[in-house]
Amino acid sequence: MKNGNVEIEHIREMVAEVEKEKFIFKNWFPRPGLKEKNTDFVSRLYIGQSYDKNQFDLVEDGWINDHCEICIKTLGEEENEYVESSGYFDGVDWICKSCFEELVLAENLESKLNALGKVKE
Ligand SMILES: [Zn+2]
């Protein structure tokens, strides 16, 4: 497991909120982003919200990584030691494969968390 630094309470809350039937496993892909004018900084994911065109430019494929909702692991195009190139996606949020399969789908989350050795009595 790669969840060493994640607060147990955060895991519980996130897992409780996840509507697991909405998530499907797929390759990560870039999404449109809003870039701050006169910079290269794409600071916001664009999901159709209104934005100030004097402040931002819309960049197709400008959103070049996401983070797992549970462990904040990076998901992006190029897989490497720090980045996974596929995961579970519900149309908005990403959850990495290990969090989804080992925590969200866990039959008994509490014993999983115990096994992680982080539940304090
Ligand atoms: Zn994760």
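**Close-up views of a predicted model**

Tyrosine 88 and phenylalanine 100 are both buried, where buried means under 20% relative accessible area, exposed over 50% and partly exposed in between (1.4 Å probe, protein chains only). This is a predicted model, in which local features need pLDDT of at least 70 and side-chain atom pairs count only at pLDDT 80 or more, while totals for chains, interfaces and linings use all residues. Residues are numbered from 1 along each chain as its sequence is written, and side-chain values use heavy atoms, leaving out hydrogens and water.

**View 1. Phe23, Phe25, Tyr88 and Phe100 form one aromatic cluster.** Rings of Phe, Tyr and Trp (its six-membered ring) pair if their centres lie within 6.5 Å; planes under 30 degrees apart count as stacked, over 60 as edge-to-face and the rest as tilted. Tyrosine 88 is buried, with a relative accessible area of 11%. The ring centres of tyrosine 88 and phenylalanine 100 are 4.0 Å apart and the planes meet at 10°, so this pair is stacked. Helices (H or I, at least four residues) and strands (E, at least two) are DSSP runs, numbered from the N terminus.

**View 2. The zinc ion is held by four cysteines: Cys68, Cys71, Cys96 and Cys99.** Each coordinates through its SG atom, at 2.3 Å. Donors are N, O and S atoms within 2.8 Å of the metal (3.2 Å for Na, K and Ca); water is not among the atoms, so sites may look incomplete. Which arrangement do the four donor atoms make? They subtend angles of 103 to 115°, which makes it tetrahedral (four donors with all angles between 85 and 135 degrees). Cysteine 71 lies in the loop between β5 (65–67) and β6 (74–76), and cysteine 96 in strand β9 (residues 94–96), so the pair ties together parts 25 residues apart in sequence. Cysteine 71 and cysteine 96 are both buried.

**View 3. Three strands make an open sheet in the order β5-β6-β7, with mixed pairing.** Two strands pair if DSSP finds at least two bridges between them. At the edges stand β5 and β7 (83–84), each with a single partner strand, so one side of each has no neighbour in the sheet. The pairing of β6 and β7 is parallel, over two bridges. Look for threonine 74, whose bridge partner in β7 is valine 83.

Definitions and conventions
Four donors count as tetrahedral if all angles lie between 85 and 135 degrees; four count as square planar and six as octahedral if opposite donors are over 155 degrees apart and all others between 65 and 115; anything else is irregular.
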